[in-house]
Amino acid sequence: MIKVTCAIIVDADGLVFAAQRSAAMSLPLKWEFPGGKIEPGETAEACLIREIKEELNVEVEIVAALPANTHQYPSVTIQLIPFVCRLILGEITLKEHLDFKWLSKDELLALDWAEADVPIVKYYLNFKYD
Ligand SMILES: Nc1nc2c([nH]c(=O)n2[C@@H]2O[C@H](COP(=O)(O)OP(=O)(O)OP(=O)(O)O)[C@@H](O)[C@H]2O)c(=O)[nH]1
């Protein structure tokens, strides 16, 4: 099983950042939360900060950890580990993704999410935090 962290980046108005995978990536054109695979010896939190810097060229801080979701794709099983985050430094530049959107909670579920993300989106929609 591959462990993958992902960031639910929320802005001051409560909008959530979603990124679209490029045609060249696996799960082409699906929407996801940015992130990536945990490297050997790395914590989930360190992985998240590293991946967000690599993919979006910004620094985030973690606000909350949400429950992981294990999902079996036809060729791979992943454990997707989500963190609610805030941007603390920089402006988002897409290094790998095709597109991005900032979405209100009402708009989130309508995106064509990677399958592993759907339970996480639903969990987030019911999640309350200060
Ligand atoms: N980063 C990220 N990956 C996700 C999400 N949902 C989901 O199923 N994945 C899958 O988890 C894996 C994450 O690895 P990655 O982001 O480092 O993927 P990659 O394109 O570099 O590697 P790959 O070629 O193995 O897909 C991919 O297989 C990706 O399809 C998500 O919300 N964020």
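**Core packing and ligand surroundings**

Apart from residues within four places of it in sequence, Val-16 makes contact with Ile-8, Val-10, Trp-102, Leu-103 and Leu-108. These contacts belong to a predicted model, in which the protein has an average pLDDT of 97 and 99% of the residues reach at least 70. The ipTM of the model is 0.91 and the pTM is 0.96.

Val-16 also belongs to the largest nonpolar core, a set of 27 residues. Within this core, the residues that touch the most other members are Ala-7, Ile-8, Ile-9, Val-16, Ala-18, Leu-80 and Cys-85. Two or more core residues come from each of E1, strand E2 (16-20), helix H1 (44-56), E7 and helix H3 (118-125). The greatest contribution to the core is that of E1, which supplies 5 residues. In soluble globular proteins, nonpolar side chains tend to be buried together.

The ligand is surrounded by 16 residues, of which Ser-26, Glu-32, Gly-35, Gly-36 and Ala-116 are the closest. Strand E1 (2-9), strand E4 (35-37) and strand E7 (77-89) each provide two or more residues to this shell. The largest share is given by E4, with 3 residues. Classified by residue type, the shell around the ligand comprises 10 nonpolar, 3 polar and 3 charged residues.

How values were computed
Residues are numbered from 1 along each chain as its sequence is written. This is a predicted model: local features need pLDDT of at least 70, side-chain atom pairs count only at pLDDT 80 or more; totals for chains, interfaces and linings use all residues. pLDDT is the predictor's confidence in each residue, from 0 to 100. A residue is near a molecule or strand if its C-beta atom, placed from the backbone, lies within 6 Å of it. Helices (H or I, at least four residues) and strands (E, at least two) are DSSP runs, numbered from the N terminus. Ala, Val, Leu, Ile, Met, Phe, Trp, Tyr, Cys and Pro count as nonpolar, Asp, Glu, Lys and Arg as charged, and the others, Gly among them, as polar. A nonpolar core is a set of buried Ala, Val, Leu, Ile, Met, Phe, Trp, Tyr and Cys residues joined through C-beta atoms within 7 Å. A residue is buried if 20 or more other C-beta atoms lie within 10 Å of its own, exposed if 12 or fewer, and partly exposed in between; C-beta atoms are placed from the backbone. Two residues are in contact if their C-beta atoms, placed from the backbone, lie within 7 Å.
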